[in-house]
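Subject: Structure handover

Hello,

Please find the structure below.

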Amino acid sequence: MGYFPLWRPATGATVLPDEKLPWAAAIPMSLQHLLAMSGSTILAPLIMGFDPNVAVFFSGIGTLLFFVITGGRVPSYLGSSFAFIAVVMAATGFAGGGTNPNIGVALGGIIAAGLVYALIGLAVMAAGTGWVERLMPPAVTGAIGVSIGLNLAPVAVGQLKGGMAHLAIALATVLCMAAVSAYGARATRRIAVLVALAFGYGLVLVFGNGAGIVPGIDFSRVGQAAWFGIPNFTAPQFDWTATGMIAPVAVVLVAENLGHIKALGAITGQNMDRYIGRGFLGDGLATMIAGAGGGTGVTTYAENIGVMAMTRVYSTLIFPVAAAIAILLGLSPKFGAILQTIPAPVLAGLAVSVFGLIASAMARIWVDNRVDFADPRNLFTVGVALILGAGDFTVTIGGFALGGIGTSTLAALVLYQLLGIGRGRRA
């Protein structure tokens, strides 16, 4: 068996990872995956004050790198990770709105997180995944994930502040996303962020540009921007404090990617455990490359797994095509200028929705894995982690600082293992 599969033409309704579609079917499918990832990949950098065009560009670069490192055997798209938002905003002192003036130190921390993540990938390739699963059982991964959502709550609430018109548009955006998620067709639910963004954008056009009730959208920069050009790359800076706060996110990415690759194995009917180490390595290197040029840290996307589950098309060849299109979009300053026009109340509404979904979706890990909260080991691990994360408990030693996500992660990992000494493990 070669490094890459010998993709054979698909013949059935289900298209397996090592099968290929004709171009006439592959390109529309690639566009669907691009659409599914775009809402979140654009939203995360906007909230952190990064250039969304650069993030889209590096999502394509990262996806191509992941494809090569996994030997074209794991169907995944890599987009902006929300796990970085809280620590990046804390490390840079950014409160939201406009461009983050301290993006350089955030990029240094993102590179450090990617390095830790890649090293974990090498360790998994050498020793297998058993130690990762023992270190991060469902009680721990759920606690870390929910802590991220709760840690972001002050950011979302802070962005809601403003006049009544600002608040009304933000809450209308929340309601739109909730309605699409609850009542939309299955294909529409996959792009709920994008639909809510378009809805809120339209409201601002009507009540801002049209009625003058809220600040309108300024399209002057869109008209001035060129159709093609080099993205606005930013050089990283390395600061011990920022690195200490951001690097622990690697543990969150490990838990996230582990779950995604196992989910892919379940829906494709193919055991992909042997590619988990490669997946970690690819994702870690992609995060380092993104951080080196001004992009956000990246992760495999559940949105794209959802599209695959819906369409039953798992061909890995779909994703290099989607990545190439993303790179082309990243090379268009006009596309980037359009992204920068997304109004503040719309971003506020999306932040409330997405941050809340991070917490609630991660809580599903406990339900799906039937975590026993009558067991004090699970109860105390989760409880302490949530308090440290929600309260943004930060530990500073000299020039090194570990923020709320880091202390929450460390507490969950250590406490769970300590409480298991001398007793049988319970899930």
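**Helix α8 and its neighbours**

In α8, His166, Ile169, Ala170, Thr173, Val174 and Met177 meet Ala344, Pro345, Val346, Ala348, Gly349, Leu350, Val352, Ser353, Val354 and Leu357 of α18. Contact means heavy atoms within 4.5 Å. By class, this contact of α8 with α18 has twelve nonpolar, four polar and no charged residues. Here Ala, Val, Leu, Ile, Met, Phe, Trp, Tyr, Cys and Pro count as nonpolar, Asp, Glu, Lys and Arg as charged, and the others, Gly among them, as polar.

The model is predicted: local features need pLDDT of at least 70 and side-chain atom pairs count only at pLDDT 80 or more, while totals for chains, interfaces and linings use all residues. Residues are numbered from 1 along each chain as its sequence is written, and side-chain values use heavy atoms, with hydrogens and water left out. Helices (H or I, at least four residues) are DSSP runs, numbered from the N terminus.

The axes of α8 and α18 are 7 Å apart, at an angle of about 45°. Axes are lines fitted to C-alpha atoms over the stretch in contact, and angles run from 0 to 180 degrees between N-to-C directions. The angle makes α8 oblique to α18; angles under 35 degrees count as roughly parallel, over 145 as roughly antiparallel, 65 to 115 as roughly perpendicular and the rest as oblique. The crossing of α8 and α18 is right-handed (the near helix is turned clockwise from the far one by less than a right angle).

Helix α8 (residues 164-183) also packs with α10 (residues 192-210), at about 145° and with the axes 9 Å apart. α8 passes α10 in a right-handed crossing. The contact of α8 with α10 has twelve nonpolar, three polar and no charged residues.

**Helices α19 and α20**

α19 (residues 376-390) and α20 (residues 404-418) pack at about 165°, their axes 8 Å apart. That makes α19 roughly antiparallel to α20. Their contact has eight nonpolar, seven polar and one charged residues.

**Second largest pocket**

The second largest pocket holds about 960 Å³ of space. A pocket is an open set of points on a 1 Å grid over the protein atoms alone, where a 1.4 Å probe fits, with protein on both sides within 12 Å along at least five of seven lines; lining residues have an atom within 4 Å of a point. Grid points are joined across faces, edges and corners, and a volume is the space filled by probe spheres set on the points.

Of its 47 lining residues, Leu46, Gly98, Arg221, Gln340 and Thr341 are the closest to the centre. The largest share of the lining, four residues, comes from α18.

Regards

Conventions
Helices (H or I, at least four residues) and strands (E, at least two) are DSSP runs, numbered from the N terminus.
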